[in-house]
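User: Hi! I have just opened this protein and would like to learn how to read it, step by step. Could you walk me through it with a few questions and answers?

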Amino acid sequence: MAPQASPAGHDDSPGSPVRIGVLAPLTRPGWTEAGQQLLAGVELAVDEVNESGGIDGRPLELLVRDTAADPQRAEAAAAELDALGVAALAGEYHSVVARAAAGRADALGLPYLCTSGVLDALTDEPTQWVARLSPAQSVGWRLYADFLLDAGHRRIAVAAQPSVYWAAGTRIVREHVAPRGGSVIELDPVALGPAGVCDALADSGATALLLLVGTPEPAVPLVRAVRSDPRLGEVLLGAPAGQPEFAQWAELLGADGAGIPFLRYLPARLGELGSRVEGLLRQRLGAAPSFVAFEGYDTVTVLAEVLRTHGTERKRVADAWPQLAVEGTRGTVRFSRAPGIGVWQWAWPPVQITDRDPAAPDRFRVLRTAAP
């Protein structure tokens, strides 16, 4: 059983800040643009909570730690934030890093609201301490596999770097397409290099190549190589993990980065709250916010509601997950026990399959939407 005692740094005196620990990839090799988007959403929501009176008159205070996409660094940060007396832990973008943070939070008895990590097995065993806003990987990637099948792609290649996350995605796609006559061919982008991937792809007969790799390296060189190879003019490039969502993708690739479908977790149309938050995030970021910024905002919105209604004692926060119904930017957040998922799960956030419009690469096209 995880510990129940208040941490050494915990302070419930009137007027003292209520601390929330936040994990985000803010330096390389982390996906820094995603980390900055996440943090923008979190900070906007905290500002609004404090402007409206905070938590029973106590201000919310963020203690932000950079994970740099390193699981061990995330575990150490969770332990540090626990000792500093945070009421809850939030954030993280990279799924493998989020899994490390979730495991540590569970062991510490520290409530953790995971913002963006999607691995189905976020913890080894079911836990009361962890909840998640993002959909499980199997949900989004099966929708993506259906999209490929419906477009006539039965022979699908994947260029996948070594990772639990990429391996899980490959398995999900393979198992989902096989009953409908589909197959998956694995290509090693590290061993082959961009030119070798193109040669293997041309010989494979695959009509789609999924980029299960980091960005900008090696994703950008792979896209350029495939786009410039006359043998591969009819091959669909796909990026289910969402690499084309961010501005750097368009800056580096221009027109070559368009027409590459990816997953994003937004509704077909934002409601009143979502539209208002979108405008505020755009002002902060100087650009259109990604779905990650909305996830960051919703994370703090949910935690603030928990802290207001159930108090700041950690056990009460964890016990509150299944009792919540909180209006977020992308719908009403409710947590439940989804089959095969060991954490409290919002089942499910809205999911889109989107690409950058080849006619205007700075504009997104929604190709398919799945309602929650």
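User: Happy to start with the loops. Where does W348 lie?

Analyst: Keep in mind that this is a predicted model. To place W348, look at the elements on either side of it: strand 14 covers residues 344-346 and strand 15 covers residues 351-357. W348 belongs to the loop between strand 14 and strand 15.

User: What is the omega of the peptide bond from A347 to W348?

Analyst: Most peptide bonds are trans. The bond from A347 to W348 is cis instead, and its omega is near 0°.

User: There is also a cis bond from T215 to P216. In which loop is P216, and what is the omega of that bond?

Analyst: P216 sits in the loop between strand 8 and helix 7. The peptide bond that leads from T215 into P216 is cis, with omega near 5°.

User: D56 and A68 have a positive phi. Is each of them buried or exposed?

Analyst: Most residues other than glycine have a negative phi. Exposed means over 50% relative accessible area and buried means under 20%. D56 has 65% and therefore counts as exposed, whereas A68 has 6% and so counts as buried.

User: Which residue's side chain reaches the backbone nitrogen of Y165 at the start of helix 5?

Analyst: Look for a side-chain oxygen close to that nitrogen. One comes to within 3.1 Å of the backbone nitrogen of Y165, and this oxygen belongs to S163.

User: Turning to helix 4, is S138 buried or exposed, and which residues does S138 touch?

Analyst: S138 is part of helix 4, residues 137-150. Its relative accessible area is 8%, and anything under 20% counts as buried, so S138 is buried. Leaving out residues up to four places away in sequence, S138 touches D120 and I172.

User: Which residue follows helix 4 with a positive phi?

Analyst: Helix 4 has 14 residues and reaches 20 Å from its first C-alpha to its last, close to the 20 Å expected. Its buried residues include W141, Y144 and F147. After the helix comes a residue with phi near 95°, and that residue is G152.

**Pockets and a buried aspartate**

User: Which helix gives the most residues to the lining of the largest pocket?

Analyst: The largest pocket has a volume of about 630 Å³. Of its 27 lining residues, those closest to the centre are W31, H94, Y165, W166 and G214. Two or more residues come from each of helix 3 (95-108), helix 5 (164-177) and helix 10 (291-310). The top contributor, with three residues, is helix 3.

User: How many charged residues line the second largest pocket?

Analyst: This pocket has a volume of about 300 Å³. Its 15 lining residues include R264, L266, E278, P289 and F364, which are the closest to its centre. By class, the lining has nine nonpolar residues and one polar residue, and the number of charged residues is five.

User: Is D229 buried or exposed, and which side chain does it meet in a polar contact?

Analyst: D229 lies in the loop between helix 7 (219-227) and strand 9 (236-238). Its relative accessibility is 12%, so D229 counts as buried. A polar contact of 2.7 Å joins its side chain to that of R231.

Technical notes: Residues numbered from 1 in each chain as written. Predicted model: local features only at pLDDT ≥ 70, side-chain atom pairs only at ≥ 80, totals over all residues. Heavy atoms only, no water. 1 Å grid on protein atoms, 1.4 Å probe; cavity = no way out; pocket = protein on both sides within 12 Å on 5 of 7 lines; lining within 4 Å. Points joined across faces, edges and corners; volume = space filled by probe spheres on them. Helix = DSSP H or I, 4+ residues; strand = E, 2+ residues; numbered from the N terminus. Nonpolar A, V, L, I, M, F, W, Y, C, P; charged D, E, K, R; others polar. Buried < 20%, exposed > 50% of the residue type's maximum accessible area, 1.4 Å probe, protein only. Polar contact = N/O pair within 3.5 Å; in protein donor to acceptor, adjacent residues only side chain to side chain. Contact = heavy atoms within 4.5 Å. Expected span 1.5 Å × (residues − 1).
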